Amino acid sequence: MEIKSELVMCPQGHYYNAAVHASCPICGGSGSAPGGAGGFSHTEAPGSAPGGAGGFTPTEAPGSGGGDFAPTEAPGGGTGWGGGGVGATAPAASPSGPVNPFSVQTTIGGDLAGDGRFNPVVGWLVCMDGPSRGTDWRIHTGYNYIGREVGDIHIQGDNQISREKHAMVAFYAKTLTYFVGPAEGRNIVELNGAPVFNTMELKNYDVITIGATRLMFVGLCGERFAWDRE
């Protein structure tokens, strides 16, 4: 004998064979076939039901709420650090007034004194004979100590020159004059072949002798030029 099958669902969600039972044998309710033949619901379009087909929401554009990510910003576009955490480069501040050439280093090759003021070159010592022949050293305002290893002027290779403060060369800016004198060295310093026991004035092309080293002096400042003259 053939048994007919007509699957329906009662209001309580129970499935039963309507060809055999007039009502749900579990709860007594009657119903109809859900979604058509076979008891399966109709296919829904994606996003038409809560959560969409399979429980997934439709794809959203970036920044519209999906994923909670904000749109990409240009560097420096935000407050403080700006987009990406990097702020825009600020332009360098320009001087508010005229620059004093003796308060800051404005000349390439110039030096700074210990107090930070500009201390330009005022002359040179040039080695004519000795282990450092052909080498030159700058002279600056004030005292310039000569030593083999330590000092403003290092004359290396001549062991007759003391390690530090063997002699000194000085420039006095008020009178634009140069001087040479002994310091703490044991060997006698000579100026143009004569011994120097006290400070003596230097003139252009004078020759200073210390040990086996002969140094020619060349001054920059004088009647024709000075750094503090316009």
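Visitor: Which residues is Glu164 in contact with, leaving aside its neighbours within four places in sequence?
Guide: Glu164 is in contact with Ile146, Gly147, Arg148 and Val150. Contact means heavy atoms within 4.5 Å. This is a predicted model, where local features need pLDDT of at least 70 and side-chain atom pairs count only at pLDDT 80 or more, while totals for chains, interfaces and linings use all residues. Residues are numbered from 1 along each chain as its sequence is written, and side-chain values use heavy atoms, with hydrogens and water left out.

Visitor: Where is Glu164 found?
Guide: Glu164 is in the loop between strand S8 (153-154) and strand S9 (167-172). Strands are DSSP runs of E with at least two residues, and helices are runs of H or I with at least four, numbered from the N terminus. By that count the protein has zero helices and 15 strands.

Visitor: Why does Glu164 count as partly exposed?
Guide: Buried means under 20% relative accessible area, exposed means over 50%, and partly exposed is in between (1.4 Å probe, protein chains only). Glu164 has 37% relative accessibility, so Glu164 counts as partly exposed. Of the 230 residues of the protein, 26% count as buried.

Visitor: Why is the pair of Tyr143 and Tyr145 called stacked?
Guide: A pair of aromatic rings is described by the distance of the centres and the angle of the planes. Rings of Phe, Tyr and Trp (its six-membered ring) pair if their centres lie within 6.5 Å; planes under 30 degrees apart count as stacked, over 60 as edge-to-face and the rest as tilted. The centres of Tyr143 and Tyr145 are 6.0 Å apart and their planes are at 20 degrees, so the pair is stacked. Tyr143 is exposed at 56%, whereas Tyr145 is partly exposed at 27%.

Visitor: What makes Phe225 and Trp227 an edge-to-face pair?
Guide: Their ring centres are 5.2 Å apart, with 75 degrees between the planes. Phe225 is partly exposed at 33%, and Trp227 is partly exposed at 29%.

Visitor: How do you know that Lys165 lies over the face of Tyr145?
Guide: A charge sits over a ring if NZ of Lys or CZ of Arg is within 6 Å of the ring centre and within 35 degrees of the ring normal. Lys165 is at 5.1 Å from the ring centre of Tyr145, and lies over its face.

Visitor: What makes strand S14 and strand S15 a pair?
Guide: Two strands pair if DSSP finds at least two bridges between them. Strand S14 (residues 207-210) and strand S15 (residues 213-219) have four bridges, in the antiparallel sense. Among the partners, Thr209 is bridged to Arg214, and Val207 stands opposite Met216. The two strands form a hairpin with two residues between them, and Gly211 in the turn has a positive phi of about 60 degrees.

Visitor: How do you know that both faces of S14 are covered?
Guide: In a regular strand the side chains alternate between the two faces of the sheet. In S14, Val207 and Thr209 on one side and Ile208 and Ile210 on the other are all buried.

Visitor: How many bridges does S14 have with strand S11?
Guide: Strand S11 (residues 189-191) pairs with S14 over two bridges, in the antiparallel sense. In one of them, Glu190 is the partner of Thr209.
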